[in-house]
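Biologist: I am new to this structure and would like to go through it with you. Could we look at it together?

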Amino acid sequence: MEPKQHLGSAALSRYQTEDGASAYSGKFERSPSRRRTSRREYAILESFLNQVALPEASLLNMACGAGRFVELLRPAQRSKVVYADFSPQMLEESRARLAGGDCDHVEFRQLDATRDDAIPGFDLVFCVRMLHHMKTIELQNHCLDFLCGSSDNWLVFTCASKSTFKGWWRQFRTNLGLRKQGECLLAMNDLTGRLRSRGFEVISRKFVDRVFSSQTWILARRPAAER
C-alpha cells in the first residue's frame, strides 16, 4: 500500500512505511559522522534536562520517531508519559525500543501536530527533528501551537537554523535556484518571537555543529507569571 502523502516533506511520507521507519531507526549508527552527531545531541539533551531538574515531570514526546533518547527520557519516576507520532510504523519502532524495563505505563498515541489540537497538561514537551520538515509557515505555526499548547512549563525541541553555516549555505543556494527547497530553515529572531507570542521564553540554544549541521536545540519555558 502506498503511504499517505503528508503535508510536510516527502520524508514524512516514507516514515509511514515499515522500511522507512526501520531505516530511520538505525540512521544515527550508520557512519562516524552520524554517531558523532548523536553523541553531541545526547549531551545537549542531558544538559537541558539538568536545567529542567524535574525527573518526575510528565512528558509528551512528539514526534517520538523510533524512540531515540529513551535512555535519557526513561520514565521510571514520571507521573505521565505519552509517546506520539503521526506514523503507526514509527510508533511500533518506539514501542519495540521501550519494551520491558520500567516503561509499561507509557501511552502510545497516533497524533499529527500539523492537524490535531494540542493536548494540555504536560510539564515537559519534547520534539526533535520534526519542525524542519514543515514546508510552510502555516504548518510551522500549527506545530508550534500544538507544542506550546501541550506544555504547561517546558519545551525542548529542535529546528534547522539559518544561524549555522550549513543553513546559510543551503538557503543561499536555494535563493539562487541551485537547489530545491529541502529542510525548512528558521531565523532565530523570528522563532523567538513566535514562541513569545505563545507564552514561552527561550532559556538556552545549542547548535549541534554550526558548520556541518543546521540542527539547533532550543530549551524554552513559560514565565512564572503565565504558569
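Biologist: How many bridges join β1 to β4?

Modeller: This is a predicted model, in which local features need pLDDT of at least 70, side-chain atom pairs count only at pLDDT 80 or more, and totals for chains, interfaces and linings use all residues. Residues are numbered from 1 along each chain as its sequence is written, and side-chain values use heavy atoms, with hydrogens and water left out. Strands (E, at least two residues) and helices (H or I, at least four) are DSSP runs numbered from the N terminus, and two strands pair if DSSP finds at least two bridges between them. β1 and β4 run parallel, and the number of bridges joining them is three.

Biologist: Which residue in β4 stands opposite Leu59?

Modeller: Leu59 is one of the buried residues on one side of β1, where buried means under 20% relative accessible area and exposed over 50%, with partly exposed in between (1.4 Å probe, protein chains only). Its counterpart in β4 is Leu124.

Biologist: Which exposed residues does α2 carry on the face turned away from its buried side?

Modeller: In α2, residues 18–25, the buried residues are Gly20, Ala21 and Tyr24. Seen down the helix axis they fall within an arc of 95°, so they line one face of α2, the arc being that of the directions from the axis to the C-beta atoms. The face turned away carries Glu18 and Asp19.
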